[in-house]
Amino acid sequence: MELEGKKVVITGGAGFIGHNLALGLKRLGAHVDVVDSLQVNNLNAFSRNANNLPQRELYLSLIHERLDLLRAAQIPLHILDLRDYHMTARLLDELRPDVIVHLSAVAHANMANKDPYSTFDHSLRTLENVLDYARNSKPHLIFFSSSMVYGNFTNGMVSEDSPCEPLGIYGALKFAGEKMVIAYNQVFDLPFTIVRPSALYGERCVSRRVGQVFIENALSGLSVTMDGDGSDRLDFTYIDDVVHGVSRIIQSDKSVNQIFNLTFGQGRSIHEMVDILRNHFPEIEVRHKDRDRLMPHRGTLDVGKAQRLIGYEPSFPLEKGFVRYIEWYKRIWKNGSAEEHGSRTNSLVGSA
C-alpha cells in the first residue's frame, strides 16, 4: 500500500476528477476525505434544473453512482460550501490532512465566460479559504490548474516553462489561482504542486466534454458536430492517467514546489477521435460549425518533467482510453439508460 497512512483531503472531491481520484488513492492505502458542496455541476445543480439539461436523468444516475462508490469505499463525504471561510477552516482543522488536493472550481470554459462572477466565487474564493487554512498547518497543497493557462500553444507544443497567455475568463482565473498558490509559498513557505491537465475524459463524467457528447449523440442516432474543420489538436487524457500522476506527486518529495503537465503527452486531432468513434458507429454523420474564437489553438503538452522527476508513466493513448470509454457508455446505455432517458435524446445538440 504505497500511500499507507497519508491523510488526503480532496476539495471538490465528488466531481468527475475528484471521485475517481479519491477511489484511486484509497486503493493505494491513503486515508481520504472528500469535501464538496454538490452545487457546481453536481447533484444539486442537476436536481434544480428539471427542464433544460440534456440527459439530466442519466447524469443524475451517474452522480448517484459516484456517491455510492465513495460510500462503498468508506470514503467520508463532507457536504460543505467552501466559500464559507469559517466552516472551511473548522473542518480542515478537524481533518488535519497531510495533503490537500484542491479541485473546487467551475470546470467549464464556456460557463466561465458566461458567468464570471460565479466562476470567481466558486474558484478563487474557495482556493483562498483553503490557502488561508493551509498557511499555518502547511499540508502539501496540490492545485489543479489547466492547459488553458497557456493560451495558444507555441509550435503546437508547450512545456511548463512556456509563456502563459490565457484566453477568456476560465484560463485567466486558473492562472490567477496558480499565482496565489505560488505567493503563499513565497510568504508562508507552503509546499505546493501545480497540475496542468488537458482534455480529460472517462467514466461518470457529466460535464459534456467533446468525447462524451460525441458518444452520446452516436448512441442516440444523432450527428456529431465539430468546431472548425476538425484539425484542432488536443492532448486527450484518460482519467486513470491523471490519478496515477497525482499518486506519484504525493509519493515523491521531488514534486514539491513544482508545476507539472499531467496529460498523455500527445496532441491528437478531433478528426482522429471521430475516426475511432466511427469504428463503433459506422453510420455516424459529422457536421461542422464555426470555431469558438475564445478556444485557444492547442496541441501536445510535454510531460517529460513529470516523467523524470516523479516517474509519471501515462498508459492510455486515445485508441485505448477512448475505446474503453465508448465500451463503458454502450454498457450503461444497454442496461436501461437509452430507454430510461430516451425522452431526452431528441433534445441533444451535437457539439464539440
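**Crossing helices and a buried arginine**

Modeller: The crossing of H8 and H10 is right-handed. This is a predicted model, where local features need pLDDT of at least 70, side-chain atom pairs count only at pLDDT 80 or more, and totals for chains, interfaces and linings use all residues. Residues are numbered from 1 along each chain as its sequence is written, and side-chain values use heavy atoms, leaving out hydrogens and water.

Biologist: Which residues of H8 and H10 meet?

Modeller: Val 210, Gly 211, Phe 214, Ile 215 and Ala 218 of H8 meet Ile 270, Met 273, Val 274 and Leu 277 of H10; contact means heavy atoms within 4.5 Å.

Biologist: Now, why does Arg 196 count as buried?

Modeller: Its relative accessibility is 2%, and buried means under 20% (1.4 Å probe, protein chains only; over 50% is exposed, in between partly exposed). So Arg 196 counts as buried. Arg 196 lies in strand E7 (residues 192–196); strands are DSSP runs of E, at least two residues, and helices are runs of H or I, at least four, numbered from the N terminus.

Biologist: What joins the side chains of Arg 196 and Tyr 150?

Modeller: A polar contact of 2.8 Å. The cut-off is a pair of N or O atoms within 3.5 Å, where within protein one must be able to donate a hydrogen and the other to accept it, and residues adjacent in sequence count only if both atoms are side-chain atoms.

Terms used: Left-handed = near helix turned anticlockwise from the far one by under 90°.
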